[in-house]
Amino acid sequence: MTPALTTTEPATTSAADAAADRPAVRLSHVHKSFGRPGAATPVLDDISLDVAPGEFVTLLGASGCGKSTLLNLVAGLDRPTAGDIEVPGGRPALMFQDHALFPWLTAGRNIELALRLAGVPKAERRAEAERLLELVRLGGAYKKRVHELSGGMRQRVAMARSLAQGANVLLMDEPFAALDAITRDVLHDEITRIWAERKLSVLFVTHNVREAVRLAQRVVLLSSRPGRVAKEWRIDLPQPRRIEDSGVADLSVEITEELRGEIRRHVQH
Amino acid sequence: MSSTDTTTLVKDPGTDTASVEAGLDALDSVQIQRTPLGEVLRQKVLPPVLGVLLVIGVWQLAFSLELTTPDKLPSPADVWSSLTDLWYEGTLFSIIWTSVWRGISGFVAAVVIGTPIGLLVARVKPVRAALGPVLSGLQSLPSVAWVPAAVIWLGINNSAMYAVILLGAVPSIANGLVSGVDQVPPIYLRAGRTLGATGLAGARHVLLPAALPGYLAGLKQGWAFSWRSLMAAELIASSPDLGLGLGRYLENQREFNDMSGVLLGIVLILVVGVAIDLLVFSPLERRVLRNRGLLVTTR
């Protein structure tokens, strides 16, 4: 068990030394408002946040904290009103709560389309798609149609498709929220394994405290309306963890208390 | 459960996850079964055949009861003999082919013109604001209304026929594509953009395939409009240059007061319309919907 632990810890130390001041994602004083100038509603207020190469960060917050807006900004789907966002490794991959697989393509072809758009030569695409399906333990699913797969399998194909982009930053927008508990547990194990194997930098958005603690090296709590960084926790519990571990549970109680405090501030007097 | 408990319970969490996962996959997989041929025949083919037989039966009954004179309502057998007459004269297929060829080539031209118009209207806001209402309006205009105009502009010839087909079919094809594009779930476009499918690549790999079901529905309606407009044009415009098509045949038989010929003309026009739908559009549509898991098998 102990040697396995050391291998699942992200091997970032050597890479991090070289690129110590080059985080995988850097948000500096990011503001985002929606609406007309003058009557704009602020959604994100002065967010500064770094994700180190190979780091797994979860963003935690109640409704209205702008979690999804934040990920859209990092993904380049939207621009901040003020502030800077740097993603030195190029366009990050983004996974949604909805698998967003294209139903007119088979599972394998979905991955091949991502490879094609990432510029992988035609001759290599099929083999690479098969390799990625193997990675998410869906070796035989190349020819399966999306509607023939279960919810968990769809999210694993979506994960493989995200990895096909070749990005080293993976953004995840509540990707497991619609799954049943057992499937979610299994996918937690999978994302932890793949994150370690591929040395990914992950920014994972969730409103599930235990999930945040189960997965992350660092949990960032956002306040709501507007979203601000309220508090951060480093999680030093060894991976692989389980969601029912006592360490996970203890820290979850503490973080939940903070989250409830944040929510209480919004009571109208 | 503490983490040490987990360690003793589960020797290797990696293979444990893998086996649980494999079990879940096996339990949750959706089994797709195709309906056996016998059931398809019984449920899908038999009822319409019975329906047609019923119509012919009622028709025969009306004839036998002499509800009206035979020159107004000939028997099914009379219409059948009109058909065999045409067959022995050797003109049956040339009549059908004249119209079908015109219909198909006009339809293809309508697809070529209507598709880019539909894309522009769907994706370019000012174009949509300007042309959208015009297209919808044109769609509700019966294309027979264009026949006199087409005849004055182009004369009584094939060009006038094609003009009427285009004016009838282009708006429905364009509108079909517009509604197909409108119904594309935004999540696909978002997913496409994160994968790097923007601009033309986005249209080709995401937008158009996603809009295909709506587009196909538009094509199907476009064909129906092409066929109807063509028949109307052939009925109204008469010239030896046009050759003998189904619409012309129908009008000729009316002039000869040959009711069985008129009924035969109607039946042939109907059969061609239904046949193209059944042989071309329905299989295409079913295939697209089945591939996407949108076809619910009723049982």
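Two strands pair if DSSP finds at least two bridges between them. Helices (H or I, at least four residues) and strands (E, at least two) are DSSP runs, numbered from the N terminus. The model shown is predicted; local features need pLDDT of at least 70, side-chain atom pairs count only at pLDDT 80 or more, and totals for chains, interfaces and linings use all residues. Residues are numbered from 1 along each chain as its sequence is written, and chains are lettered from A and ligands numbered from 1 in the order in which they are written.

**View 1. The six-stranded sheet of chain A.** Strand β3 (residues 56-60) of chain A runs parallel to strand β8 (residues 218-222) of chain A, and 4 bridges join them. Within this pair, T58(A) has V219(A) in β8(A) as its bridge partner. Both strands belong to an open sheet of 6 strands in chain A, ordered β5-β6-β7-β3-β8-β9, with mixed pairing. Because β5 and β9 (229-234) of chain A stand at the edges with a single partner strand each, one side of each has no neighbour in the sheet. From one strand to the next, the twist averages 15° (angles run from 0 to 180 degrees between N-to-C directions, and axes are lines fitted to C-alpha atoms, for helices over the stretch in contact).

View 2. Strand β1 (residues 25-34) of chain A is joined to β4(A) by 4 bridges, and the two run antiparallel. L27(A) has I85(A) in β4(A) as its bridge partner.

**View 3. Helices α11 and α12 of chain B.** Helix α11 (residues 246-255) and helix α12 (residues 259-291) of chain B pack with their axes 8 Å apart, at an angle of about 165°. That angle makes α11(B) roughly antiparallel to α12(B) (under 35 degrees counts as roughly parallel, over 145 as roughly antiparallel, 65 to 115 as roughly perpendicular and the rest as oblique).

**View 4. Helices α5 and α11 of chain B.** The axes of helix α5 (residues 92-123) of chain B and α11(B) cross at roughly 125° and come within 7 Å. The two helices are therefore oblique to each other. In α5(B), I95(B), I96(B) and S99(B) meet L246(B), G247(B) and Y249(B) of α11(B). The residues of this contact divide into 4 nonpolar, 2 polar and no charged.

**View 5. The side of chain A that touches chain B.** The contact takes 37 residues from chain A and 32 residues from chain B. On the side of chain A, the largest share, 5 residues, comes from α7(A). That side has 19 nonpolar, 7 polar and 11 charged residues.

Conventions. Contact = placed C-beta atoms within 7 Å. Nonpolar A, V, L, I, M, F, W, Y, C, P; charged D, E, K, R; others polar.
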